[in-house]
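Visitor: I have a model open and would like to learn how to read it. Could you walk me through a few features?

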Amino acid sequence: MITQRLQTLLTVAKTKNYSKAADELSLTQPAVSQHIKQLEEEFNVKIFRRTNHNVELTNEGMIVVKYATRLNNIFSNLLQSLKDSQYNIKRLTIGLTPSAESSIISKILAKYSLEKENLHITIISDTIKNLYSKLKNFEIDVAFVDGKMVDDDLKYILLDTDSLVLAVANNNSLSKKKIISLEDLKKEKLILRSESSGTTELFEHQLNRCGESIENFEVMMQIDNIAMIKDLVRHNYGVSILAKSTCLRDIEKNHFKTVSIENLSMIRELNIVYHKDFSHIDILSEIVELYQEAKKHIE
């Protein structure tokens, strides 16, 4: 069971202030201080250090909060699962990267949810790094991510392979070419995803393999909203590196063109990742089947 002391710990870690935590928990400040002191004595570590009017976590405190967060989420999941079992309901919280969110995956999940009366799907969008953190902390059940992270607690299903392409406006001179050189790209204004995105990381990695650096290119903007990037590309404010799967509808509707970049092999895997004790593999199998069927119609 999650104790009041652990709830106090998590609230202080969030607010970084004993008084604010006391107000949020409807406790007195001495009670909050006592809870933290008891935990520090129990674990024999210093959890917080004072900084001016606030507090910050020590290295040991970060470890305590990490596992307290997991315990809190597991306990919440337990209560929800027990409640759902009375009504024969299954819940699935799925994390998508912005690239996956802009592909057909979100539509597949919506279609699947409509077909299953007793299944409730919640979708959240975040960076790969944050999705892995949410998986480890039991905040989400499943994530659709690019590539893999080595972790014995996690398992993967290969959903698809994808490639990165250069998206250019129809009236951009590059749209007349099938393949462009890196020298051609250096003359363009680049609109990229954030540095933490898998798309940008793969692009930069491939540049480095060719002896190039992102510093040699004119990066005009970095945006995590793919719809906004597409709109800017469409109106020829710049060009962008995007997953081909997210551009299929735009190409079909002639919103913009995509071209390949010479010497850059930007192939990546799209995987479904989940905890090794995840109990609804049948659901994932059916989602994969729906995805493969939908992809045939697009292609």
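Visitor: Which residues of H6 are buried?

Guide: This is a predicted model, where local features need pLDDT of at least 70 and side-chain atom pairs count only at pLDDT 80 or more, while totals for chains, interfaces and linings use all residues. Residues are numbered from 1 along each chain as its sequence is written, and side-chain values use heavy atoms, leaving out hydrogens and water. Buried means under 20% relative accessible area, exposed over 50%, and partly exposed in between (1.4 Å probe, protein chains only). Helices (H or I, at least four residues) and strands (E, at least two) are DSSP runs, numbered from the N terminus. In H6, Ile 105, Ile 108, Leu 109 and Tyr 112 are the buried ones. They lie on the same side of H6, because their arc around the axis is only 95 degrees, taken from the directions from the helix axis to the C-beta atoms. Lys 107 and Leu 114, on the other side of H6, are exposed.

Visitor: Which residues touch the most other members of the largest nonpolar core?

Guide: In soluble globular proteins, nonpolar side chains tend to be buried together. A nonpolar core is a set of buried Ala, Val, Leu, Ile, Met, Phe, Trp, Tyr and Cys residues joined through side-chain atoms within 4.5 Å. Here the largest has 25 residues, and those touching the most other members include Leu 92, Ile 105 and Phe 144. Helix H6 (105-115) and strand S3 (90-96) are among the elements supplying at least two residues each, and H12 gives the most, with six.

Visitor: And is Arg 49 buried, partly exposed or exposed?

Guide: Arg 49, in strand S1 (residues 48-51), is partly exposed, because its relative accessibility is 38%.
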